[in-house]
There are 2 protein chains.
Amino acid sequence: MLYSDMRIILQLLHSHMPVVPTDALKPRKSPRQARSTATVTAIHEATIQVLLSDGMARLTTTRVAQRAGVSVGTMYQYFPHKQALLYAVLDQYLDEVVVAIEEACTRYQGARLCEMSDGLVNAYLNAKLRYLPGSLAPYTVAADLDTARLISDVLQRTDRAIARLLASVPDAGFDDIAAVTFAVRTLLVGTVRASLESDSSPAALAMLRKQLPLMCRAYLVAASRGGVA
Amino acid sequence: MLYSDMRIILQLLHSHMPVVPTDALKPRKSPRQARSTATVTAIHEATIQVLLSDGMARLTTTRVAQRAGVSVGTMYQYFPHKQALLYAVLDQYLDEVVVAIEEACTRYQGARLCEMSDGLVNAYLNAKLRYLPGSLAPYTVAADLDTARLISDVLQRTDRAIARLLASVPDAGFDDIAAVTFAVRTLLVGTVRASLESDSSPAALAMLRKQLPLMCRAYLVAASRGGVA
DNA sequence: ACCTGAACACCGTTCAAGT
DNA sequence: ACCTGAACACCGTTCAAGT
């Protein structure tokens, strides 16, 4: 088959991709007693441990259960399937990052263009690298899940915060705030990921920390109506 | 290398993320007769078909073999494991994209900053979107493989082409070409991926096509020594 | 030289039986 | 309520037997 045929096939079968509806990824039932609450957190932490020590490819349900000190059956009482384990971990991680972005956007509300650009970039970099410097674990986890809804929620919150920040800049105005918001968010998320995946050495991180603020500032200045005052 | 050696290596590598050494991902043996050449291409194309019609999660070895019209045993004669199937598909796809970048870098050799920036960005966008507009298939494939070496090779070729292009710009100079090359490459790869993953609708693609050239140009102007002549 | 497909090992998931 | 772990279905991989 030629690659040119792939487009048609792709469009015809576009709806096949989501394997598991997002709703089904949440914990199966809420714990009602102290004992089971401890079980749930133990499973949650065991997932993180196995993920970091053994890697995504060797993360099996029995291994997580063993690490958590429970049987597989117990695990399935609270998490409907393996994906739910990972979903919970990713959910928590993404929330931390989004909160960091929202806080930065609030802190730099009304700040001048260059200052707020650097503040936003550094806040994102710090959040991404705080606990897992150079770790690709979140990306490998996300790749195995149907994260459409989760990611969509996260991006909506992020975009709302960034748009409000951009609108508050005193020394610049933007004709199309939605487009600039999209560009800035894509720039942050994309470059950090691409950078980490290609090379997560300290030297590469240093490059990223130096060049990304430059990229963001330069773009914002170029995109602002009539340049910076 | 004998396959029995690989199994030992696999078990020795028990403690780290890369599950399979990249060398082992290539086809197991070269076909010596016309019949088996046809078999290999049939398997290769069947992998693409199953990937696009059923998605990564439902791509099984038996399904690919069935689609290719051969038995599983035959498949394993040419591809040492499932990952090798996907590796071959990804390898071909990435090569197409890299060639497109290299061609663009040659074409815009000696062109002025803005012209060459736009040329490079558009060449990358066209290559990524030519056959699979908005498709995430390459990313989902890559996520399941140990692609360290493959990606490393691709990035090396890309960086060499971009660095040569940057050095040839007549109306601007760069103090640290390596850093700017890293930044431009990361910007291209990262933003396109992040954009596609968040929203692959025509509207989002249009935004990307408009904002990415702006980002790249603005960054290059800002990074050039003493500004554009 | 190339192909076949039953057999094996392993993993995700369930459920009857326990406290 | 909560937990257990043998049992089941499915998938990646192999190998003795075929042409």
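A salt bridge is taken here as a side-chain nitrogen of Lys or Arg within 4 Å of a carboxyl oxygen of Asp or Glu. In this predicted model, that rule finds two salt bridges across the interface of chain B and chain A. One of them joins Arg193(A) to Glu197(B), whose closest N and O atoms are 3.3 Å apart.

On the chain B side, helix 2 (34–54), helix 5, helix 9 and helix 10 each supply at least two of the residues that touch chain A, and helix 9 of chain B gives the largest share, 15 residues. By type, the residues on that side are 29 nonpolar, 14 polar and seven charged. The table gathers further values for this interface.

| Feature of the interface of chain B and chain A | Value |
|---|---|
| Residues in contact | 50 residues of chain B, 45 residues of chain A |
| Buried area | about 4100 Å², 72% of it on carbon and sulfur atoms |

Among the buried residues are Leu113(B), Met116(B), Leu120(B), Tyr124(B) and Lys128(B). The cover over the buried residues of helix 6 includes helix 5 (82–107), helix 7 (137–143), helix 8 (148–167), helix 9 (177–198) and helix 10 (202–223) of chain B.

Methods
Residues numbered from 1 in each chain as written. Chains lettered and ligands numbered in written order. Predicted model: local features only at pLDDT ≥ 70, side-chain atom pairs only at ≥ 80, totals over all residues. Heavy atoms only, no water. Buried < 20%, exposed > 50% of the residue type's maximum accessible area, 1.4 Å probe, protein only. Helix = DSSP H or I, 4+ residues; strand = E, 2+ residues; numbered from the N terminus. Contact = heavy atoms within 4.5 Å. Buried area = accessible area lost by both parts, 1.4 Å probe. Nonpolar A, V, L, I, M, F, W, Y, C, P; charged D, E, K, R; others polar.
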